Amino acid sequence: MAFRLTGVKVSPNSASLEEARARVFDFFKAACRSIPSIMDIYILHDVVTASQLRTSIASEIRKHAQVTNPKVIDLLLFKGMEELGNITEHAKQRHHIIGQYVLGRQGLAQDSNTKEQVTSDFLKNFYKSNYF
């Protein structure tokens, strides 16, 4: 059963920065209200909590806090609404949600450590040969 987002609509243009800011808050509220259904749709209870998802949504919004042009804010808001619609309509797969909103940009914890550059004798000889 897919959750349809019906309460929030984005009009084409905000008249002022305050109006665009109010729309961003409305979008954030709608996104937070859809978190329980998203967690049920994608079975995320074993991976992440609702507060962690809420923090992830807030950080995505805060990434663009320096934007002051209402038209750009409206464009970003439209993109956010489209993303939220795709997620709630189950247009993405579970690993997309986990990779983008649970793990974030840093990736897996074990992948963040740099691996030691250990090369075998075979590779050392191969690099010295004429083939490389």
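User: What should I know about the model before I start?

Analyst: It's a predicted model, so local features need pLDDT of at least 70 and side-chain atom pairs count only at pLDDT 80 or more, while totals for chains, interfaces and linings use all residues. Residues are numbered from 1 along each chain as its sequence is written, and side-chain values use heavy atoms, with hydrogens and water left out.

User: How many helices and strands does the protein have?

Analyst: Elements here are DSSP runs numbered from the N terminus: helices are H or I with at least four residues, strands are E with at least two. In this protein you get seven helices and zero strands, and the pattern along the sequence reads α-α-α-α-α-α-α.

User: And how do I read burial and surface?

Analyst: Buried means under 20% relative accessible area, exposed means over 50%, and partly exposed is in between, with a 1.4 Å probe and protein chains only. By that rule, 27% of the 132 residues are buried. The accessible areas come from the Shrake-Rupley method; the protein exposes about 9,700 Å², and carbon and sulfur atoms supply 56% of that.

User: What share of the contacts join residues at least 24 apart?

Analyst: A contact is heavy atoms within 4.5 Å. Taking contacts between residues at least 6 apart in sequence, 70% join residues at least 24 apart.

User: Let's do helix packing. At what angle do α1 and α4 pack?

Analyst: Axes are lines fitted to C-alpha atoms, for helices over the stretch in contact, and angles between N-to-C directions run from 0 to 180 degrees. For α1 (residues 17-33) and α4 (residues 70-88), the angle is about 15 degrees, with the axes 9 Å apart. So α1 is roughly parallel to α4; under 35 degrees counts as roughly parallel, over 145 as roughly antiparallel, 65 to 115 as roughly perpendicular and the rest as oblique.

User: Is that crossing left-handed or right-handed?

Analyst: Look at the near helix: turned anticlockwise from the far one by less than a right angle is left-handed, clockwise is right-handed. The crossing of α1 and α4 is left-handed. On the α1 side, L17, A20, R23, V24, F27, A30 and A31 meet P70, I73, D74, L77, G80, M81 and L84 of α4. By class, that contact has eleven nonpolar, one polar and two charged residues, where Ala, Val, Leu, Ile, Met, Phe, Trp, Tyr, Cys and Pro count as nonpolar, Asp, Glu, Lys and Arg as charged, and the others, Gly among them, as polar.

User: How do α1 and α3 cross?

Analyst: The axes of α1 and α3 (residues 50-62) come within 10 Å and cross at roughly 155 degrees, which makes α1 roughly antiparallel to α3. This crossing is right-handed. V24, F27, F28, A31 and C32 of α1 touch R54, I57, A58 and I61 of α3, giving eight nonpolar, no polar and one charged residues.

User: Where does a positive phi turn up?

Analyst: Most residues other than glycine have a negative phi. I43 has a positive phi of about 50 degrees; I43 sits in the loop between α2 (35-41) and α3 and is exposed at 56% relative accessibility. H90 has a phi near 60 degrees. H90 lies in the loop between α4 and α5 (94-102) and counts as partly exposed at 42%.

User: How far apart are N69 and S16?

Analyst: In sequence they're 53 residues apart, and in space 8.8 Å, C-alpha to C-alpha. N69 is in the loop between α3 and α4 and is partly exposed at 39% relative accessibility.

Technical notes: Accessible areas come from the Shrake-Rupley method with a 1.4 Å probe; for residues, only the protein chains shown count as cover.
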